[in-house]
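Please inspect the structure before you read each solution.

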Amino acid sequence: MKRVAVLISGRGSNMQALVRHARGYQVVLVASDTPEAPGLRWAAEHGIATFSLPAPTVGKTAFEQAVLRELDHRNVQIVALAGYMRLLSPAFLAAVACPVLNIHPSLLPLYKGLNTHARAIAAGDTHAGCSVHRVTEELDGGQVLGQSRVPIAPGDTPDSLAARVLAAEHELYPRVLTELCMTSLERLRAAALALPGTQEGERDGLPTFAVADQPYAQFHARSDGRDEVRICNDGPGETWTAIPLGEDPDWTWIEDQVARSWELSAPAALLEAGGR
Ligand code: GRF
């Protein structure tokens with residue numbers, strides 16, 4: 001169970017979603033640069049440790065150093081920004097010893113910064129959305145870990161669109177955090193078992209996923225630590241193609257490969273049932 005700290009500046013509705021839908025992680029701290037942030041009260045009422053200092057009064061450096069001490073004290077393993085309205089300093093990001101994530105209300109790399117909904121409407125976009133990304137020194141610039149698309153309706157205002165995107169944020173953020181906390185095998189298993197007719201078994205001692213007795217994906221935990229997802233979709237010949245996972249696997253792409261492999265292996269009746 002990974003220990004998560006959430007940083008907020010205001011109402012904290014995303015923080016509440018992270019708490020309510022926690023799976024594979026636990027929110028152990030809610031911290032804020034704004035002592036009167038409504039989200040802090042909600043967290044305290046739900047038995048979660050809170051911490052706040054008025055950043056404008058104490059200064060950014062002192063505030064960040066105090067947060068670092070709190071993270072250390074509570075053995076925090078992931079930091080999730082949720083409506084935290086300040087840029088973290090390069091010194092903070094260098095010192096923090098764990099992943100830092102953020103949720104942003106646009107389909108990054110579109111519309112970094114503020115007023116995302118008004119900008120999407122003004123551009124005539126058909127879709128808006130939200131993104132969970134790793135935090136780097138660049139504003140809203142780190143690797144995107146997950147996105148949800150939300151249609152823009154005729155007559156939408158920035159407020160009506162924001163409300164629809166916010167509902168998508170509340171589903172996306174806990175899901176991405178849970179995925180980040182999974183092992184690679186758990187991640188593959190979740191992707192494969194979501195595809196109709198998939199059964200988990202073993203082939204050559206490796207966890208293997210098959211549809212209608214046709215194996216199409218497996219996991220190879222290698223002794224040198226360079227784990228692989230392997231896919232196979234050439235019928236009885238069973239030639240496996242390895243996808244090395246590396247340090248920061250692109251799971252969106254890997255899940256797509258697994259789904260394609262399923263599509264090439266599944267009988268027509270299951271394809272009609274729809275895989276993805
Ligand atoms: C959300 O739209 C989030 O994407 C953005 O700031 C807003 C925060 O809302 N970063 P809340 O405090 O989580 O309710």
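**Exercise 1.** Determine which polar contacts (pairs of N or O atoms within 3.5 Å) the ligand makes, beginning with the backbone of Gly12.

*Solution.* A backbone N or O atom of Gly12 is placed 3.0 Å from an oxygen atom of the ligand. Next, a backbone N or O atom of Asn14 lies 2.9 Å from a ligand oxygen, and a polar side-chain atom of Arg11 lies 2.4 Å from an oxygen atom of the ligand. Taken alone, the ligand exposes 360 Å², of which the protein buries 85% (Shrake-Rupley areas, 1.4 Å probe).

Residues are numbered from 1 along each chain as its sequence is written. Because the model is predicted, local features need pLDDT of at least 70 and side-chain atom pairs pLDDT 80 or more, whereas totals for chains, interfaces and linings use all residues, and side-chain values use heavy atoms, without hydrogens and water.

**Exercise 2.** List the residues around the ligand and sort them by class.

*Solution.* With a heavy atom within 4 Å as the criterion, the residues are Arg11, Gly12, Ser13, Asn14, Gly83, Ile103, Pro105 and Glu169. By class, this shell holds two nonpolar, four polar and two charged residues, with Gly counted as polar.

**Exercise 3.** Which element gives the most to the lining of the largest pocket?

*Solution.* Helix H7 (158-181) gives the most to that lining, with five residues. The lining as a whole divides into 14 nonpolar, 15 polar and six charged residues.

Key: Polar contact = N/O pair within 3.5 Å; in protein donor to acceptor, adjacent residues only side chain to side chain. Helix = DSSP H or I, 4+ residues; strand = E, 2+ residues; numbered from the N terminus.
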